Amino acid sequence: MKKTIKVSNQGATLDTSRRNFLKLSGIGLAVAGLTLVGCNDDDMGYDPNAGIFDLGTGDVGILNYAYALEQLEADFYTKVVNSFYSGISNAEKEILTDLYHHEVIHRDFFQAAISAATQNVLPTLEFQYPNVNFNDRTSVLATAKALEDTGVAAYNAAGKYITNPTYLVVAGKIVSVEARHAAAIRDLINPGTAAFSGDDVINSNGLDVAKEPKDIVMAAGGFIKTPFTWKEQGIN
């Protein structure tokens, strides 16, 4: 059974005191009245007796997968902006604060969209950063680079699994923002170079790297404390 839902930016939970929220509307995603089509109840893969959350099947699984990644990025940048690394410049503060706001919007958007469409919503995850020194510029930017590159590659590969065209449009808008983030971080690390589109992420055909969910979860798994499965994708 399908139902039509509406998702609005009015429910976003973020601190807007640093930046004017209207400026953030340029990401083209958090637009009031965005209409999505609810998922099939059959897509729900959650077994409340299983103990460990499963992301589900079909579009629900993809949305929960994206939500997990956006939770991770939002959590990371929240830690960054709550205690900036030593010696940070005002320009770098502004860039990282903008990235923080974007990721929180992405996270809250997915939470609202999935909640409106199904009861199979990924819970709030816990994260860990055992090898990250949040007071060190090199450590923070290297981690940001890894997370942004991973996020772009995840969306690039996940697109082919999305059956709802509205979800696909939203994913395309988000991955374009994530790619801008990746380029910005790469330029902070190697300013004035071609690193923003390095051959480690852009292939000889001029296409961005795409990585399957199994590879993404393996790459990001070291940050995620809360266990979950995605049986449809062979992630147990």
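This is a predicted model: local features need pLDDT of at least 70, side-chain atom pairs count only at pLDDT 80 or more; totals for chains, interfaces and linings use all residues.
Residues are numbered from 1 along each chain as its sequence is written, and side-chain values use heavy atoms, without hydrogens and water. Local features need pLDDT of at least 70 and side-chain atom pairs pLDDT 80 or more, whereas totals for chains, interfaces and linings use all residues.

Helices are DSSP runs (H or I, at least four residues), numbered from the N terminus. The expected span of a helix is 1.5 Å times one less than its number of residues. Helix 3 covers residues 137–158, and because its 22 residues should span 32 Å, the 31 Å between its end C-alpha atoms agrees. Of these 22 residues, 16 are buried (under 20% relative accessible area, 1.4 Å probe, protein chains only). Asp136 caps the N-terminal end of helix 3. A side-chain oxygen of Asp136 lies 3.3 Å from the backbone nitrogen of Thr138.

Helix 4 (residues 165–189) has 25 residues. Its first and last C-alpha atoms are 36 Å apart, close to the expected 36 Å. At its start, a side-chain oxygen of Asn164 comes within 2.8 Å of the backbone nitrogen of Thr166. Buried residues of helix 4 include Ile174, His181 and Ile185.

The largest nonpolar core has 59 residues. Such a core is a set of buried Ala, Val, Leu, Ile, Met, Phe, Trp, Tyr and Cys residues joined through side-chain atoms within 4.5 Å. Tyr77 and Ile185 are among the members that touch the most others. Helices 1 to 5 each supply at least two residues. Helix 1 gives the most, with 13. Tyr77 contacts (heavy atoms within 4.5 Å) residues including Leu96, Ala144 and Ile185, leaving aside those up to four places away in sequence.

How values were computed:
Buried means under 20% relative accessible area, exposed over 50%, partly exposed in between (1.4 Å probe, protein chains only). A polar contact is a pair of N or O atoms within 3.5 Å; within protein, one must be able to donate a hydrogen and the other to accept it, and residues adjacent in sequence count only if both atoms are side-chain atoms.
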